[in-house]
Amino acid sequence: MQRLCAFLSHHLFFLGVLIFTSTFVAREIRATPTNQCVTCHQNIEDIRDRSSDMMKAILQKATEAGHAGNDCIICHGGDPNTKEHVKAHRGTVDYFKKHDGPKDFYPDPGSPWINNHTCGLCHMDLVNTQRQSLMFTEAGKIQGTQWGFGAPNGYQHNWANYDIEQTPDEQKLGTEDYHTYMKRLEKAEPQVFPKKMVQTPPAPTAEAVHEKPSLAMHTYIRMECQRCHTGVKGQEREGQYRGMGCTSCHVPYSTGGLYEGRDPMIPKDEPGHMLTHQIQGTREAQVHVGEQSYSGIPVRSCVTCHNRGRRIGTSYMGLMETAYSSPFMGGGDVQPKTFGKKYLHLHADLHKDKGMLCQDCHTSIDVHSDGRLAGSTLAAVEIECQDCHGTPTAYPWELPLGTGDEISGPVPAVGEARGVSGSLPEYLKKGTVFDKEDGYLISARGNPMPHLVRRGDDVVLHSAGGQDLLLKPLKKLLETDALSEEARVAMVGVQGHMNQMECYACHDAWAPQCYGCHIQVDYSKEQQGLDWISIGEDHDAMGRTAEVQAKIDVNALDEHKIDGHVQEERSYLRFEDPPLAVNGEHRVAPSIPGCQTSITVIGKNGETLLKNHIFKIPNVEGAGPEGQKGIDMAVSHTHTVSLKGRSCESCHANEKAMGYGIAGGELFEDPSKGYGIELTDSQGNPIPKQAREQIQPMDGLDHDWSRFVTETGEQLQTVGHHFTGSRPLNNAERSRLDRRGVCISCHQEMPDHDLAVSMMVHIKEVGGFKIDNTYHKNILNKTIRLTAWVQVLGILILVCFIIWALLRFRRSYRLTD
C-alpha cells in the first residue's frame, strides 16, 4: 500500500508540473514581448475566430506594424510593450507614428469620436457615414418633440444632436440607380432631407423658463429624449446596457449588463460590462458564450434602444407595456422593470417567430446611413414588403423601383421592371457574401440585397442567424392556388387594397397605443438632470464620453447637469385595432399616438407656469390662424406582422379605424371639464367645503385622445408632421371604408315587416334551422348572387324588350308607309 501511494505521489507531482508548465507556455505564447496585454487579460475571448477573414486582416495589420500576433492594439491602441497598467492604457507604439492610425488607448474602439482610428482602418466607408445616420442625429425624434411644444421649428428636420452636413457625393453609399431615385425623394420632400443640420438649442435656465415656459422643450429633449443616440453609452439600467458607436450594435450586452467571458480582469458581478469580448454581426461571425453559439445581431440588442417612441423593437418581440406588475414573481416580488417598463406578452411578429433578425429585413444603409441626412425613419429605410413578397400580379423582380415607397408618387409606382442584380457594391462585400443563384433581389430604392436571392420563382433569405428560408412570392401562391379564400378576396378581389394600402395595414396584428402623453418639467427645489447631448460632446482622446469618465472621476458630469426634473404619465393604453390614416408614401397604414403631449411646467419657486397645456400650431393640418392642436397621430408600421390579416369588420365596421375614436369617441366625458369624487347634491354640486378635484381639466381638449377626425372631415389633431403626404383618411376614403349598419339593412325587415321575409323567417322557425355564422355567410352569398342575377337578367330582358319594341315599331311603320 505504501509503495502504491509513493508511486501515485511521484507521478501526480510530475503531472502537476506538466500541467503548470503547459499552462505557463500557453500563456506565454500569447504574452509575447509585443503583446503584454494578455499578461493581465489572460484567456480573454478573441474578438473573432482566429480562422476568420476579419481576424486575419487584423493580424496582418499587426504584422505590418511590427507587432506580429498582437491583435489587441489594432482596435484598442495603447502600449502593449509594458505590463504596467497605467502605461499600457495610455501609450503610443511606433506603428501609430508611422501610419495614419490610433495614438491613444481606446477602451471602446467603437466610440464614434475615435473609431476612424479603429474600425475605420478596415471599414472607413461605413465610418464616414455613421454620423449622418438617424441613430446619431436623432433628428426625427427632436422634430417630433418640438412639434408638441408649438413647433417653433415647424416642419423642418434640421435640428440634430450635433452640427453635421451630408457626406460628399463620392463618399455616399449605394448604386447609381439608388442615387438617382434618392434625388427624386430629396426634391419631393426637402424638409426631411436637409443638406445640413445644426445642434438643437441649449437647455434653458430656470429663470429663462419663467419668462418663456415653452423653452422647457429643450430641457425635455436633452434630459429625457436624447439618451439613446450612439454618441453616448446612454442611461445604464436594466435592459439598456450597451456600447457606443459601432459597439452599440456589434458587441453583445445582456439585459443585466453582466460579463460572462473568461477575462479575470472584468468583474462578473458588476453591471455595465459587455456579455463577451466578441463581435456580432454577420452569419460568419460566430459568437460563443459558454455552451451557446449564435450568429447575427440578436433582436434584443436592437431593442436596447428601440423600446420607446413607436416601440417597434418591443412590439416585434411581442411586448406591450402595462401599468401593472402582475403576474407575481414569487418570494414576495412583482414583475421587474426592463427598459423602465413592465409588460404584457402578446404575439410576436411573424418574422421573429420564423427566426428572423432585424438585419434580415433592414439593410446596411437603413442603419449605417448612405451619407445623406434623413429626418425620419421613413426617409432612411429603403425596403418595402413587396421587395420580397411581390404582389399577386407581379414577382418582386417584375415590379418597378419605388413600389410601396411612393413618397414622390404616383401610387402605385410605375416604370420598368427592376429585375435582379448580378453583383454587389463594395460596401456590401464586407459581410457574408452568398451565391447569387438567379440574382440578388433589389430594394425599392435600387440597391441589391446580398442575403436575398432569386431561385426560379422563389426567394431564398439567408438569415444572419444561420437559417436559409424559402419564400414563395404572392404571385406564385396565387398561381398555385395556395392563397386562402380570405387572402384572395382581400388582395385580388379588391385591387385597391394592394394599390393604395400598405401590406401591414391589414397584417399588423396589434399596435402599442399610448394615448395622451403628459409631460411635467419641474424647475423647483433646485432639481437637476443630465444633458445627454453635451455629455457626448465632452469626450476625451480615448473616445470616452462624460458618463464613462464619471466612473473614474465623480465630478465629470457636473458641467452636464441642467435645471429641471422630467416626469411622464399617460392617459390610457390600448393595443387592438389601430386606426387607419395615410402615410408619407401616400398609402393607407396603421396609426398610433405619436407625441400627444400636454405640457405642465413648474417654475423655480413652485409656481405653475403651464398646466396640462396643449399648444396650437397656426396654419397647419387643416387649421387657420387659430391653429391646430399640437397632439399627433403617427402613421407607422408597428412590426407586429401576422399571417392572418385584420378582419374586414375591424376596419369597415369600426369607428376607431376610421379615425372617429374608440366607440366613435362617445365613451369619454369632455376632458376639458374636471371631475371630483366627493359627496354631491342631486345637481352635482359638492357638499363638503374642502372638496378637491380628482381629475384636472385639459384646457383646449374637448374630445377623446383617440379621435382625430370628425364624420364631416374636420381634422382634430395632426396626423404625421414629417411628410407632406401624411393625413387622415379624406371624406371619399372614409365613405368607401364605412360599412357600419350593414346588419340592420337586412334585419330591419325581420321578422314581420315584409311578407316574403316573414315567410322565410317562419320557415326557419318551423324547420328548426340553426343560423350560425357559416350558414349566415352562405345566405348572404346566395342573396348577393341571386339579386345580382335578377338585376342582370332584368336589364337583359329590358334591353331585349326595347329592341323588340323598336323592331316592331319599325316594321309597323314600314307597313303603314
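This is a predicted model: local features need pLDDT of at least 70, side-chain atom pairs count only at pLDDT 80 or more; totals for chains, interfaces and linings use all residues.
Just after helix α9, Gly150 adopts a positive phi of about 100°.

**Around helix α9**
- Helix α9 spans residues 139–148, and nine of its ten residues are buried, so the helix is largely enclosed by the rest of the structure.
- Among the buried residues of α9 are Ile142, Gln143, Thr145, Gln146 and Trp147.
- Ala151 sits in the loop between α9 and β1, and its phi near 55° is a positive value in a residue other than glycine.
- Ala151 is buried, its relative accessible area being 10%.

**A three-stranded sheet**
- Three strands make up an open sheet with mixed pairing, ordered β1-β3-β2.
- The edges are taken by β1 (159–160) and β2 (164–165); each has a single partner strand, so one side of each lacks a neighbour in the sheet.
- Strand β3 (residues 196–199) pairs with β2 in the antiparallel sense over two bridges.
- Glu165 stands opposite Lys196 in β3.

**Cis peptide bonds in loops**
- Look between β6 (319–322) and β7 (342–345) for the loop that holds Pro327; the peptide bond from Ser326 to Pro327 is cis, with omega near -5°.

**Positive phi at Asn43**
- Asn43, in the loop between α2 (37–40) and α3 (53–64), has a positive phi near 70°.
- Asn43 is partly exposed, at a relative accessible area of 48%.

Methods:
Residues are numbered from 1 along each chain as its sequence is written. Side-chain values use heavy atoms; hydrogens and water are left out. Two strands pair if DSSP finds at least two bridges between them. Helices (H or I, at least four residues) and strands (E, at least two) are DSSP runs, numbered from the N terminus. Buried means under 20% relative accessible area, exposed over 50%, partly exposed in between (1.4 Å probe, protein chains only).
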